[in-house]
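Colleague: I would like a close look at one part of this model, the charged side chains that pair up. Please take it slowly and keep to what can be read from the coordinates.

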Amino acid sequence: MDPILGFMGATNISHNTNLMIAAAAAATTTTTSSSSSSSSGGSGTNQLSRYENQKRRDWNTFGQYLRNHRPPLSLSRCSGAHVLEFLRYLDQFGKTKVHTNLCPFFGHPNPPAPCACPLRQAWGSLDALIGRLRAAFEENGGSPETNPFGARAVRLYLREVRDSQAKARGISYEKKKRKRPPPPLPPPQPVISTSPN
């Protein structure tokens, strides 16, 4: 389950808010199915890609998070600090074991036994989520200069999560360098023997 669906399923939202989420999901499904059936010949050419659907769900969920915030926040008042608060909140629904410094399995990618270390959102999931929300913000009228998902604090937080999870789980997030093929050897030159006569 991705972090956003976990957020939607496990929040302590009032019954009315849950009904609003269900109604929004039903409306989204209806809109998607009607747009795909109204396309030329019903071929489904207007159907959104998996990425676009996920981005829309993430955007709607972040909007719901802002509305449920105490006090409620408008998107125009949302800052990088609120995005960090959202990411930390999502950690409670994580499924990635992140070992603490005191754990005997700290730095082991495949520990031989269970431990009591906390579950967190994986760095890759958070990074992808922020990428989708950053794009959705600008698609919904926000300017790149005021995009809270592109704030320096958010980038630093993601880097810190990546580095700490890499150490704790013994997993390297370094980009693998492609091995370049060796340059072709020049063709051998014919040997001309000059024998004395």
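Colleague: Does Glu139 count as buried or exposed, and at what relative accessibility?

Modeller: Glu139 counts as exposed, at 53% relative accessibility. Bear in mind that this is a predicted model.

The side chain of Glu139 forms a salt bridge with that of Lys55, with 2.5 Å from N to O. This pair links distant parts of the chain, since Glu139 belongs to helix H5 (residues 123–139) and Lys55 to helix H3, 84 residues apart.

Glu52 is partly exposed, because its relative accessibility of 28% lies between the 20% and 50% limits.

A further salt bridge joins the side chains of Arg132 and Asp58, at 2.4 Å from N to O. It too links distant parts of the chain, with Arg132 in helix H5 and Asp58 in helix H3, 74 residues apart. Both of these residues are buried. The structure holds 4 salt bridges, among them the pair of Arg132 and Asp58.

Next, the surface charge. Arg134, Arg152, Arg155 and Arg159 gather in a patch of positive charge on the surface. Helix H6 (residues 152–169) gives the most to that patch, with 3 residues. Arg152 lies in helix H6 and is exposed, with a relative accessible area of 58%. Arg159 is also found in helix H6, but it is partly exposed, at 45%. The C-alpha atom of Arg159 is separated by 9.3 Å from that of Asp127, a residue 32 positions away along the chain.

As for the setting, the protein has 6 helices and 2 strands, in the order α-α-α-α-β-β-α-α along the sequence. Of its 197 residues, 32% are buried. Among contacts between residues at least 6 apart in sequence, 63% join residues at least 24 apart.

Pro71 is placed in the loop between helix H3 (50–68) and helix H4 (80–90), and the peptide bond from Arg70 to Pro71 is cis, with omega near -5 degrees.

Key
Residues are numbered from 1 along each chain as its sequence is written. This is a predicted model: local features need pLDDT of at least 70, side-chain atom pairs count only at pLDDT 80 or more; totals for chains, interfaces and linings use all residues. Side-chain values use heavy atoms; hydrogens and water are left out. Helices (H or I, at least four residues) and strands (E, at least two) are DSSP runs, numbered from the N terminus. Buried means under 20% relative accessible area, exposed over 50%, partly exposed in between (1.4 Å probe, protein chains only). Contact means heavy atoms within 4.5 Å. Patches are made of residues with over 30% relative accessible area and no salt bridge: like charges are joined within 9 Å, nonpolar side chains (Val, Leu, Ile, Met, Phe, Trp, Tyr) within 5 Å. Accessible areas come from the Shrake-Rupley method with a 1.4 Å probe; for residues, only the protein chains shown count as cover. Lys and Arg count as positive and Asp and Glu as negative; His and the chain ends are not counted. The place of a charge is taken as NZ of Lys, CZ of Arg, CG of Asp or CD of Glu.
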